[in-house]
Amino acid sequence: MEPAVAEAVAGPAAGRRGLLRELAGFASVGLLAYAADLGLFVWLRGPAGLDPLTAKSLSFLAGCSVAYAGNALGTYRHAAARGPRQYVIFFGVNIAGALVQLLCIAVSHYALGFTSPRADTVSGAGIGMALATALRFWGTRSLVFRGEGRVGSWTG
């Protein structure tokens, strides 16, 4: 039986379990990508001695690459399409997520007047990260690794 048919026959509970496995896989890959981004940024700024914008640009690119590889080989390994086009779309989705985080900081800091470092952290790394993660999950599953062939995640 085809996976989509089997899931439809199994009912809504099976669909929710599949979505939860997909979310868990996406989150796990995201944590690995975040660790790669942060670790590389710290190394590039410290021992490598690069300026902050160059260091962040390179670490962001590395984090996106880790996230793409993890999702392509893990969470969405059954999706049919992979390649340069999907990576470019994935990179675009991640840029959009980064812009959401910046927008949250801009609104909080400049429009609402919450100018403390703590407020910037809450708006960017808290609220902005939550919204950006939701956007990235939607974009990754619907624009990069479409629903065809999705039968579960690498976590289950």
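N94 is buried, at a relative accessible area of 8%, and that makes it a handy way into this predicted model. The residue sits in helix α4, and its side chain makes a polar contact with the side chain of R136 at 3.2 Å. Of the 156 residues, 29% count as buried.

**How α4 sits against α5**

- Helix α4 covers residues 84-111 and helix α5 covers residues 117-144.
- Their axes come within 8 Å of each other and cross at roughly 155°.
- Angles over 145 degrees count as roughly antiparallel, so α4 is roughly antiparallel to α5.
- As for handedness, the α4 and α5 crossing is right-handed.
- Sort the residues of this contact by class and you get 16 nonpolar, 11 polar and 2 charged.

**How α3 sits against α4**

- Here the packing angle is about 125°, and the axes of α3 and α4 are 10 Å apart.
- That angle makes α3 oblique to α4.
- The crossing of α3 and α4 is right-handed, and the crossing of α4 and α5 is right-handed too.

**Helix α3 on its own**

- Helix α3 runs over residues 52-75, which is 24 residues in total.
- From first C-alpha to last, α3 reaches 32 Å, close to the 34 Å expected at 1.5 Å a residue.
- Its buried residues are A55, S59, F60, G63, C64, A67, Y68, N71, A72, G74 and T75.
- G74, in helix α3, has a relative accessible area of 4%, so it counts as buried.
- G74 also pairs up with S28: the two are 46 residues apart in sequence, and their C-alpha atoms are 9.9 Å apart in space.

**Spots to check along α4**

- V100 and G128 are 28 residues apart along the chain, with 6.2 Å between their C-alpha atoms.

**Spots to check along α5**

- G126 is found in helix α5.
- With a relative accessible area of 35%, G126 is partly exposed.
- In space, G126 and C104 are 9.5 Å apart, C-alpha to C-alpha, while in sequence they are 22 residues apart.
- L143 is another α5 residue, and at 34% relative accessibility it counts as partly exposed.
- The C-alpha atoms of L143 and Q86 are separated by 8.3 Å, with the two residues 57 residues apart along the chain.

Conventions. Residues numbered from 1 in each chain as written. Predicted model: local features only at pLDDT ≥ 70, side-chain atom pairs only at ≥ 80, totals over all residues. Heavy atoms only, no water. Axes fitted to C-alpha atoms, helices over the stretch in contact; angles between N-to-C directions. Helix = DSSP H or I, 4+ residues; strand = E, 2+ residues; numbered from the N terminus. Parallel < 35°, antiparallel > 145°, perpendicular 65-115°, else oblique. Left-handed = near helix turned anticlockwise from the far one by under 90°. Nonpolar A, V, L, I, M, F, W, Y, C, P; charged D, E, K, R; others polar. Expected span 1.5 Å × (residues − 1). Buried < 20%, exposed > 50% of the residue type's maximum accessible area, 1.4 Å probe, protein only. Polar contact = N/O pair within 3.5 Å; in protein donor to acceptor, adjacent residues only side chain to side chain.
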